[in-house]
Amino acid sequence: MTAAATLRVRRPDGVARLVYDSPHSGREYPPDWRTKASGAELRRGEDAYVDELLGGAVALGAVLLDALLPRCYLDVNRALGDIDADLLAEPWPEPLAPTDKTRRGLGLIRRYVVPGVEINAERLSVADVQRRIADVYAPYHAALADLVAAQVRHRGACWHVNWHSMKSVGNAMTPDGPGARRADFVVSDRDGASASPALTALIADTLRAQGYRVAVNDPYKGGTIVQEVGRPAAGVHSVQVEINRALYLDEVRVEKSAGFAALAANLDALTTTLARAAP
């Protein structure tokens, strides 16, 4: 498996003014992957079609990186040490640092698709996990770092938006718990650590002006990618955006709903606003 088979980069014809990435929309499932879950169950773990929702952004000035393999195989938005040792067939050769994500089954190697639906058919060897890191994780992070560095090199600054989708209602694996009703969007900057308040406010206010309910840093504050990319003091601002799946998706069937086109158009309008304001 090569980097070219695990990620995709789409670039605007002109100069890029924004960097977008979608780390969880991958839906190319490795044929040799041994899993307990059915294909239909695994698809419920995707940020389904977020890469397509953002497709129009490329022509509007955003360079777009997306992962092609699913997050249930390896989650590129987790720290490398965020591993559940119980999922391994042998000891990991370095110290592990599992977080609350791993304790809820959502670490680098995911335990559950949704509560009660296990993913892995067997414990994984260290070599297997290391291979996934080399083939999937490392190329994705390297590609994103290169895109951000290019913006800084050519523009002196970078605005990066890390795109996700979220279940419309929380469950036992989510930080807000079972039954929690979500806003239409959650915009996160790690409580101001990964981006300037002005950029976070611009995104949130633009979405509110479109008629959406927007929460900021609640219940999501931003994952590993925005934590690693965001360096506001150096002019690199990174914001995570979670889209409520009820806006565009049949969450049970994992199929686009009638709201898909309208949402995509509104995201294009947001991209236009950000591209015009980008430093």
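Me: Where is arginine 78 placed?

Reply: This is a predicted model. In it, arginine 78 sits in the loop between strand 3 and helix 4.

Me: Why is arginine 78 called buried?

Reply: The cut-off for buried is under 20% relative accessible area. Arginine 78 has 4% relative accessibility, so it counts as buried. Beyond four places in sequence, arginine 78 is in contact with several residues, including Arg71, Tyr137 and Thr224.

Me: What makes arginine 71 buried?

Reply: Its relative accessibility is 11%. Buried means under 20%, so arginine 71 counts as buried. Arginine 71 is found in the loop between strand 3 (62-67) and helix 4 (100-103). Among the residues it touches are Gly45, Asp47, Arg78 and Arg245.

Me: What makes the link between arginine 71 and histidine 24 a polar contact?

Reply: The limit is 3.5 Å between N or O atoms, with one able to donate a hydrogen and the other to accept it. The side chains of arginine 71 and histidine 24 are joined at 3.4 Å, and this counts as a polar contact.

Me: Why is the pair aspartate 47 and arginine 245 called a salt bridge?

Reply: A salt bridge needs a side-chain nitrogen of Lys or Arg within 4 Å of a carboxyl oxygen of Asp or Glu. Here the N to O distance is 3.1 Å, and the two side chains meet in a salt bridge. The pair links distant parts of the chain, 198 residues apart. Aspartate 47 is in the loop between helix 2 and helix 3 (50-53). Arginine 245 is in the loop between strand 7 (236-244) and strand 8 (249-250). Both aspartate 47 and arginine 245 are buried.

Me: How many salt bridges does a search of the whole structure find?

Reply: The search finds 21. Some form a network: Arg8, Arg10, Arg27, Asp51, Glu52, Asp66 and Lys256 are linked this way.

Me: How do you know that arginine 34 and glutamate 122 form a salt bridge?

Reply: The limit is 4 Å. Their side chains meet at 2.5 Å, N to O, in a salt bridge. Arginine 34 lies in the loop between strand 2 (18-22) and helix 2 (39-43), and glutamate 122 in the loop between helix 4 and helix 5 (126-155), so the pair ties together parts that are 88 residues apart in sequence.

Me: Why is glutamate 122 called partly exposed?

Reply: Buried is under 20%, exposed is over 50%, and partly exposed is in between. Glutamate 122 has 40% relative accessibility, so it counts as partly exposed.

Me: What separates aspartate 128 and arginine 131 in helix 5?

Reply: About one helical turn, because they are 3 residues apart in helix 5. An α-helix has 3.6 residues a turn, so residues three or four places apart point the same way. The side chains of aspartate 128 and arginine 131 meet in a salt bridge of 2.6 Å, N to O. Aspartate 128, at 17% relative accessibility, counts as buried. Arginine 131, at 34%, counts as partly exposed.

Me: Why is strand 4 said to be largely enclosed by the rest of the structure?

Reply: Count its residues. In strand 4 (residues 158-166), 9 of the 9 are buried, so the rest of the structure largely encloses it. Cys158, His160, Asn162, His164 and Met166 point one way, while Trp159, Val161, Trp163 and Ser165 point the other.

Me: What makes strand 4 and strand 7 a pair?

Reply: Pairing takes at least two bridges. Strand 4 and strand 7 run parallel and are joined by 9 bridges. In one of them, valine 161 has valine 239 of strand 7 as its partner. Strand 2 and strand 4 also pair in the parallel sense, over 3 bridges.

Me: Why do the buried residues of helix 8 line one face?

Reply: Seen down the axis of helix 8, they fall within an arc of 135°, so they line one face. Among them are Phe260, Leu263, Leu267 and Leu270. Ala261 and Arg276 are exposed on the other side of helix 8.

Me: Why is threonine 206 called buried?

Reply: Its relative accessibility is 14%. The cut-off is under 20%, so threonine 206 counts as buried. Threonine 206 is in helix 6 (residues 197-209). Leaving aside neighbours within four places in sequence, threonine 206 is in contact with Leu270 and Thr273.

Notes. Residues numbered from 1 in each chain as written. Predicted model: local features only at pLDDT ≥ 70, side-chain atom pairs only at ≥ 80, totals over all residues. Heavy atoms only, no water. Helix = DSSP H or I, 4+ residues; strand = E, 2+ residues; numbered from the N terminus. Buried < 20%, exposed > 50% of the residue type's maximum accessible area, 1.4 Å probe, protein only. Contact = heavy atoms within 4.5 Å. Arc of directions from axis to C-beta.
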